[in-house]
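This briefing describes the fold and packing of one protein chain. Please keep the sequence and the model in view while reading.

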Amino acid sequence: MSENLINDLIAKYDYRYREGAPIRQEREDFDTLLIRETDGGAEVFAAKGKGLIHVNYYGYAELDVILTSVGEKLALIAE
């Protein structure tokens with residue numbers, strides 16, 4: 001179910017970027033994780049259990065810091 005929602009979100013917001021499609025990554029904190037890194041930030045699509053989150057981050061924080069924050073927020077949603 002979350003896979004279909006993520007695909008819909010990607011289709012909806014894909015027009016903004018020329019950097020290419022989001023790249024699927026495996027990480028134990030998420031059931032599904034797709035990341036598109038841009039010059040000025042990152043776009044994250046993540047799902048865990050019944051929770052799903054889409055984040056556009058503009059700034060220069062490390063990707064691990066962003067993913068930690070996304071994981072914490074998603075844990076609240078997924079409960």
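This is a predicted model: local features need pLDDT of at least 70, side-chain atom pairs count only at pLDDT 80 or more; totals for chains, interfaces and linings use all residues.

Residues are numbered from 1 along each chain as its sequence is written, and side-chain values use heavy atoms, with hydrogens and water left out.

**Overall layout**

- The chain has 2 helices and 4 strands; helices (H or I, at least four residues) and strands (E, at least two) are DSSP runs, numbered from the N terminus.
- Read from the N terminus, the order of elements is α-β-β-β-β-α.
- The chain has 79 residues, of which 35% count as buried; buried means under 20% relative accessible area, exposed over 50%, and partly exposed in between, with a 1.4 Å probe and protein chains only.
- Among the contacts with a separation of 6 or more, 37% come from residues 24 or more positions apart, a contact being heavy atoms within 4.5 Å.

**The sheet**

- The 4 strands form an open sheet in the order β1-β2-β3-β4, with antiparallel pairing; two strands pair if DSSP finds at least two bridges between them.
- Strands β1 (23-24) and β4 stand at the edges with a single partner strand each, so one side of each has no neighbour in the sheet.
- Helix α1 packs on this sheet and touches β1, β2, β3 and β4; its direction makes about 160° with that of β3. For this angle, axes are lines fitted to C-alpha atoms, for helices over the stretch in contact, and angles run from 0 to 180 degrees between N-to-C directions.
- The antiparallel pair β1 and β2 is joined over 2 bridges, and I23 stands opposite I35 in β2.
- Between β2 and β3 there are 7 bridges in the antiparallel sense; the two strands form a hairpin with 2 residues between them, and R36 has E43 in β3 as its bridge partner.
- Between β3 and β4, also antiparallel, there are 8 bridges; A47 stands opposite L52 in β4, and E43 stands opposite N56 in β4.
- The hairpin of β3 and β4 has 2 residues between the strands, and G49 in its turn has a positive phi of about 60°.
- Strand β2 is mostly covered, with 6 of its 7 residues buried.

**Helix α1**

- Helix α1 (residues 2-13) has 12 residues, which at 1.5 Å a residue should span 16 Å; its end C-alpha atoms are 16 Å apart, which agrees. The expected span is 1.5 Å times one less than the number of residues.
- Its buried residues are I6, I10 and Y13. They cover an arc of only 80° around the axis, which puts them on the same side of α1; the arc is that of the directions from the helix axis to the C-beta atoms.
- The elements that cover these buried residues include β2 (32-38), β3 (41-48) and β4 (51-58).
- Exposed residues N4, D8, A11 and K12 lie on the face of α1 turned away from its buried side.
- L5 also lies in α1 and is partly exposed, with a relative accessible area of 41%. L5 and F45 are 40 residues apart in sequence, and their C-alpha atoms are 9.9 Å apart in space.

**Nonpolar cores**

- The largest nonpolar core has 12 residues: F30, L33, I35, A42, V44, A46, I53, L63, I66, L67, V70 and L74. A nonpolar core is a set of buried Ala, Val, Leu, Ile, Met, Phe, Trp, Tyr and Cys residues joined through side-chain atoms within 4.5 Å.
- To this core β2, β3 and α2 (63-78) each supply at least two residues, and the largest share, 5 residues, comes from α2.
- Another core, of 5 residues, lies apart from the largest one and has I10, L34, F45 and A47 among its members.

**Individual residues**

- A46 is in contact with I6, F30, T32, L33, G51, L52, I53, V70 and L74, leaving aside neighbours within four places in sequence.
- T32 is placed in strand β2 and counts as buried at 7% relative accessibility. Not counting residues up to four places away in sequence, T32 touches S2, E3, I6, R24, F45, A46 and A47.
- A21 is placed in the loop between α1 and β1 and is exposed, with a relative accessible area of 59%. The C-alpha atoms of A21 and I35, 14 residues apart along the chain, are separated by 8.7 Å.
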